[in-house]
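Subject: Structure handover

Hello,

Here is the structure I promised to pass on. Please open it and keep it beside this note while you read.

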Amino acid sequence: MNTFLKSVVSGLAGAAALNLWHETIRRVVPEAPRADILGERSLQKIMRAVGKTPPADEEDLYGPAMVADLLSNTAYYSLIGTARPEHAYPVGAALGLAAGVGALVLPGPWGLGKAPTNRTTATQVMTVGWYLLGGLVTAAVYTRLAERPVASSDETGEPTDAPTETPDS
């Protein structure tokens, strides 16, 4: 598997972990961040910017917003591919922390509202922590994929997984 594909698979794993964690916890913890609301508001802004009318019912935005969130987080966490595997954890942590801080400071200036990620100190801590979780999952998957041996090929170019015999064998 080449580095690009390892990066994307790792980014998808981190994004999926983040989204699954968020969607699970937000249903039971009242102070949990509401990145889903930010996603819906973002989608509304984008639709208006391209001359489309967003659905009147915000529930119609949930599915498309989750898909957009998964795709954008996958692309972002895929930046792990800029790191050598031995540096994946510090890079994954830095990506997660940067995304978490961005989720705190950018929604207000972008006109998406501050409350979804800044309601309380607990909300802020969870926001940063959850993006950190996504970065660390990304790093773990990237490290694991980098450990997998690359299949060798024989003189015909055909892959071979069999150990090569040596004269001393």
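First, a term: buried means under 20% relative accessible area, exposed means over 50%, and partly exposed lies in between (1.4 Å probe, protein chains only). This is a predicted model, in which local features need pLDDT of at least 70 and side-chain atom pairs count only at pLDDT 80 or more, while totals for chains, interfaces and linings use all residues. Residues are numbered from 1 along each chain as its sequence is written, and side-chain values use heavy atoms, with hydrogens and water left out.

Helices here are DSSP runs (H or I, at least four residues), numbered from the N terminus. Glu23 sits in helix H1 (residues 3-25). Its relative accessibility is 10%, so Glu23 counts as buried. Contact means heavy atoms within 4.5 Å. Leaving out residues up to four places away in sequence, Glu23 touches Asp36, Tyr62 and Met66.

Trp21 is also in helix H1. Trp21 counts as partly exposed, at 40% relative accessibility. Trp21 and Leu133 are 112 residues apart along the chain, yet their C-alpha atoms are separated by 9.1 Å.

H2 against H3

Helix H2 (residues 35-49) packs on helix H3 (residues 59-77) at about 95°, with the axes 9 Å apart. Axes are lines fitted to C-alpha atoms over the stretch in contact, and angles run from 0 to 180 degrees between N-to-C directions. H2 and H3 are therefore roughly perpendicular (65 to 115 degrees). H2 brings Asp36, Gly39, Glu40, Leu43, Gln44 and Met47 to the contact; H3 brings Leu61, Tyr62, Pro64, Ala65 and Met66.

Pocket and cavity

Both come from a 1 Å grid over the protein atoms alone: a cavity is a set of points where a 1.4 Å probe fits but cannot get out, a pocket is an open set with protein on both sides within 12 Å along at least five of seven lines, and lining residues have an atom within 4 Å of a point. Volume is the space filled by probe spheres set on the points, which are joined across faces, edges and corners.

The largest pocket has a volume of about 570 Å³. It has 21 lining residues, and Ser42, Asp69, Ser72, Trp110 and Tyr131 are the closest to its centre. H2, H3 and helix H4 (88-105) each give two or more residues to this lining.

There is 1 cavity of 30 Å³ or more. The largest cavity has a volume of about 70 Å³. Its lining includes Leu18, His22, Asp69, Trp130 and Tyr131.

Best wishes

Terms used:
Parallel < 35°, antiparallel > 145°, perpendicular 65-115°, else oblique.
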